[in-house]
There are 2 protein chains.
Amino acid sequence: MARLPGLGPRSARRAVLHLIQKRGRLMQPLAQAMQQVADSARECVHCGNIGTADLCDICTDDRRANGEICVVEDVSDLWAMERSGVFKGRYHVLGGTLSALDAIGPEDLRIPLLVQRVAEENISEVILALGATVDGQTTAHYIADELAGRCSVTSLAQGVPVGGELDYLDDGTITAALTARKSLS
Amino acid sequence: MARLPGLGPRSARRAVLHLIQKRGRLMQPLAQAMQQVADSARECVHCGNIGTADLCDICTDDRRANGEICVVEDVSDLWAMERSGVFKGRYHVLGGTLSALDAIGPEDLRIPLLVQRVAEENISEVILALGATVDGQTTAHYIADELAGRCSVTSLAQGVPVGGELDYLDDGTITAALTARKSLS
């Protein structure tokens, strides 16, 4: 239990004790649910999302075939995009970012598959929703180079987060927000 | 001492005790420095920045007369912009934001003075560096309307902050970043 992310040895002991005390009402159903998910969950062969079939719900939904692919690092980022509910197209989960330090190259990620999807499906725009970290931006530029000339490639805007006050922002964000300032008039 | 922002009664007692114990080496110089600043500090009549003369250092620096005015809410925001070091023009400190709840109207802020500066100085662009809060954006739109047709009005970009990961962002920021996405190809 202590190997779960976010649970230290102490919290793990608390959780385990709680489970043992409620073993009929909580532990049994949880164990069964886990067994069920462990048996049925798999990666979508197409986009890398997690689902119960070879193709995930988003890839089989025809209403989402609007010619847009949103590229994310991880399934958690896909969930974040879905929570905002503003993107109506399909996804492509890379499974990480390029990283020279960890020796992760394009072949270790699902980048060749993305290039193949752009060639085969009727894709007009690839939106790179990668983190504004060094590795994320490196990956974004690599993919933009790979897809140059095949379809339009865009990335999420950088700037002040909603609710953000200037005084609490770092220099990099202020610089990015000032460089990418937009006209109001 | 407990009336200072960020100091509760407990921290204030600690600070006071520390001051009393070091009264020769710390309290005396601090008291003198405070007296000096209290006597000499004043608001710049031009931009609202804090300085030691009627006109602040930025307003008297001819190299900063590049036709750009950056509008900020408060002196702390001006300091944040200066820390990033990327803006080379002059500032205009509003002294707050429009707020219907607190009954703060345009006359309570330095907005009329801004309109006057745009008319008198050779201003090509006003950059609204206001917070991405409701009041900040209301103020930005009010100023943009006031200055419409007189000069170009821009605002800081909204989006993913530098170093930000998608999973930790709120829905509003993801929506703003996706709406304002920019082309890489």
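In which sense, parallel or antiparallel, do strand 3 and strand 5 of chain A pair, and over how many bridges? In this predicted model, strand 3 (residues 68-72) and strand 5 (residues 125-128) of chain A pair in the parallel sense, over four bridges.

**View 1. An open sheet of five strands takes the order 4(A)-3(A)-5(A)-6(A)-7(B), with mixed pairing.** The edges are formed by strand 4 (90-93) of chain A and by strand 7 (182-183) of chain B, each of which pairs on one side only. Within the pair formed by strand 3 and strand 5 of chain A, A:Ile69 stands opposite A:Val126, the latter in strand 5 of chain A.

**View 2. Helix 4 and helix 6 of chain A against the strands.** Helix 4 (residues 75-84) of chain A packs on the sheet, where it touches strand 3 and strand 4 of chain A, and its direction makes about 160° with that of strand 4 of chain A. Helix 6 (residues 134-147) of chain A lies across strand 3, strand 5 and strand 6 (152-155) of chain A, and runs at about 170° to strand 5 of chain A.

View 3. B:Thr139 counts as buried because its relative accessible area is 0%. Leaving aside residues up to four places away in sequence, B:Thr139 touches B:Leu94, B:Thr97, B:Leu98, B:Ile111 and B:Leu130.

**View 4. A nonpolar surface patch of about 400 Å².** The patch is made by A:Met1, A:Leu4, A:Val16, A:Ile20 and A:Met27. Of these residues, A:Met1 is found in the segment before helix 1 (9-21) of chain A, and A:Met1 counts as partly exposed because its relative accessibility is 46%.

Key:
Residues numbered from 1 in each chain as written. Chains lettered and ligands numbered in written order. Predicted model: local features only at pLDDT ≥ 70, side-chain atom pairs only at ≥ 80, totals over all residues. Heavy atoms only, no water. Patch = residues over 30% accessible without salt bridge, like charges linked within 9 Å, V, L, I, M, F, W, Y side chains within 5 Å. Areas by Shrake-Rupley, 256 points an atom, 1.4 Å probe, with all protein chains shown as cover. Salt bridge = Lys/Arg side-chain N within 4 Å of Asp/Glu carboxyl O. Helix = DSSP H or I, 4+ residues; strand = E, 2+ residues; numbered from the N terminus. Buried < 20%, exposed > 50% of the residue type's maximum accessible area, 1.4 Å probe, protein only. Pairing = 2+ DSSP bridges. Contact = heavy atoms within 4.5 Å. Axes fitted to C-alpha atoms, helices over the stretch in contact; angles between N-to-C directions.
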